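Here is a short briefing on helix packing, sheet pairing and aromatic contacts. Please look over the structure first, then read the points by topic.

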Amino acid sequence: MAQSPFRRYNPADRQGFDPARPFAYDASTTLLAETPTEAQKPVVTAPRWLGWPQLYQHLEARLASEKVRRLNWWRHWGEIARFQLPRRYHAFVTENDYNRGIRRDGQILNDTPTLDGQTCAGGIMTVCTDPDRQWLKLGLPPGIELDRSGQMFIDDLTERLRYIQDETNFYESLSQYYEDLVFFGTGVAVDIEDHENIFVSQNPCAGEFCLASGADEDTQALYVEERRTISHIVEQFGLENCPASIQGMWAQKGGALESEQLVGHAIEPNFAINGDDTAVGQLPGHFAWREIYWIVGKSDQAPLSVAGFHEKPFAASQWHRQSNDPYGRGPGSTVLGDSIELQLLESRKAELTEKMARPPWVAPVGLKNEPHSIRPDEVTYYDAVDGAPQMKPIYVPDPRGLQALEASIQYVEQRIHRGFHADLFRMIQEISERPGQKTATEIDALREERLMQLGPVIGRTYRY
């Protein structure tokens with residue numbers, strides 16, 4: 001995750017910001033209940049120093065460019081979702097799409113890849129950030145000694161951070177973060193300060209986010225395109241900061257509250273952009289990062305929110321990466337071919353089983369227009385002629401074919417187990433089922449030996 005469990009912002013650095021524009025995390029459900037029907041102030045415009053027309057063009061152009069650059073990964077994610085995890089992928093992010101609840105698992109006849117991937121994600125969470133153990137421990141580098149007051153400060157800070165993790169959706173977000181990392185090779189989490197819940201961590205899914213890498217091959221920019229209802233927008237950003245069209249729908253109430261807008265969310269370094277007369281877009285206050293929410297495709301509407309941060313307010317990890325690619329590949333990519341083969345074998349097995357249970361039949365031509373049946377306890381009568389063929393199956397499939405298919409399925413499933421490292425995380429259960437007893441020391445040694453193959457991945461996870 002990010003270096004801090006929540007967004008860091010120094011209120012003393014608000015100089016230069018328009019005080020009429022509250023930050024996104026100033027809104028909550030309680031404030032939504034207190035929001036009037038109509039805005040008490042006219043719709044605000046972006047501050048002059050922001051240079052919104054130029055900044056808007058920059059955001060829209062970069063979002064479009066990043067989507068083109070992401071195209072090949074986007075296609076690959078679609079294949080992974082189709083055969084492994086169909087509910088964590090958006091092929092197209094469009095507002096007011098009412099087909100979200102339809103079934104998307106039509107290609108999945110055997111859910112072994114899905115279950116193994118979830119086992120891997122749960123295993124990594126248990127190893128790295130198990131909620132049932134105190135894995136978070138702050139301290140100083142070796143060689144530096146603390147006095148009693150310093151150690152008390154470190155211990156108190158550690159307890160405060162553990163409390164925040166336990167009382168927010170931190171672990172829920174981590175679970176989703178690891179699942180995305182396992183299946184799609186890239187996990188993303190954005191930490192948003194919340195008025196009531198300290199902070200809320202969000203996980204955009206594959207197809208919603210775009211990433212860009214920096215000189216150190218770390219993720220340098222995050223662009224998210226997501227659907228949000230009018231109620232959601234007003235709750236997060238405040239009615240006074242919404243454009244006139246959204247304010248009108250808020251005043252209308254009823255079904256208008258569930259109407260959706262396409263909201264862009266950009267987090268990138270706080271660099272300046274060329275304006276008409278001078279550089280614009282750079283937030284004052286010496287912030288390293290800027291965050292902007294805006295309505296996608298609406299150039300005449302001011303941004304919903306502008307905020308600055310001294311530290312990166314999001315996390316993005318890759319399971320394996322090639323060179324400076326911003327996206328990674330994970331076990332989901334490794335076992336994609338096996339997943340496709342497994343579904344094909346399952347369909348062939350179902351077809352063969354159907355033929356064994358209900359084989360195709362051959363019957364005399366004389367029965368073509370006569371009542372006939374192949375159901376149990378029913379009789380079909382016809383005028384038999386000497387030597388006329390009887391009503392019977394064309395052929396009876398060989399049961400050995402079904403056994404061969406089942407053996408092939410088990411073999412492919414074992415490959416998927418290894419590809420998702422499910423055998424590693426089920427090790428203790430497997431050991432307990434074997435004859436003989438293992439000591440705790442032996443189990444720990446075997447566990448550490450197996451975890452060596454995941455060392456780089458776990459190291460990158462701890463880094464973020």
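**Sheet pairing**

Gly187 has Ser317 as its bridge partner in S10. The model is predicted.

- Strands of a sheet pair through backbone hydrogen bonds, either parallel or antiparallel.

**Helix H4 against H6**

- Two packed helices are described by the angle between their axes and the distance between the axes.
- H4 packs with helix H6 (residues 170-184) at an angle of about 125°. Their axes are 9 Å apart.
- That angle makes H4 oblique to H6.
- The crossing of H4 and H6 is right-handed.
- On the H4 side, the contact is made by Pro113, Thr114, Gly117, Gln118, Cys120, Ala121, Ile124, Met125, Cys128 and Thr129.
- On the H6 side, the contact is made by Tyr171, Leu174, Ser175, Tyr178, Glu179, Val182 and Phe183.
- By class, the contact of H4 with H6 has 11 nonpolar, 5 polar and 1 charged residues.

**Helix H4 against H11**

- H4 spans residues 112-129 and helix H11 spans residues 399-419. Their axes come within 9 Å and cross at roughly 25°.
- H4 and H11 are therefore roughly parallel to each other.
- The crossing of H4 and H11 is right-handed.
- Thr112, Pro113 and Asp116 of H4 meet Glu413, Ile416 and His417 of H11.
- The residues of the H4 contact with H11 divide into 2 nonpolar, 2 polar and 2 charged.
- Pro113 of H4 takes part in the contact with H11 and also in the contact with H6.

**Aromatic pairs**

- The count comes to 12 aromatic pairs.
- One of them is formed by Trp77 and Phe209. The pair is tilted, at 5.6 Å centre to centre and with 45° between the planes.
- Trp77 lies in helix H3 (residues 71-83) and Phe209 in strand S3 (residues 209-213), so this pair ties together parts that are 132 residues apart in sequence.

Technical notes:
Residues are numbered from 1 along each chain as its sequence is written. This is a predicted model: local features need pLDDT of at least 70, side-chain atom pairs count only at pLDDT 80 or more; totals for chains, interfaces and linings use all residues. Side-chain values use heavy atoms; hydrogens and water are left out. Axes are lines fitted to C-alpha atoms, for helices over the stretch in contact, and angles run from 0 to 180 degrees between N-to-C directions. Helices (H or I, at least four residues) and strands (E, at least two) are DSSP runs, numbered from the N terminus. Angles under 35 degrees count as roughly parallel, over 145 as roughly antiparallel, 65 to 115 as roughly perpendicular and the rest as oblique. A crossing is left-handed if the near helix is turned anticlockwise from the far one by less than a right angle, and right-handed if clockwise. Contact means heavy atoms within 4.5 Å. Ala, Val, Leu, Ile, Met, Phe, Trp, Tyr, Cys and Pro count as nonpolar, Asp, Glu, Lys and Arg as charged, and the others, Gly among them, as polar. Two strands pair if DSSP finds at least two bridges between them. Rings of Phe, Tyr and Trp (its six-membered ring) pair if their centres lie within 6.5 Å; planes under 30 degrees apart count as stacked, over 60 as edge-to-face and the rest as tilted.
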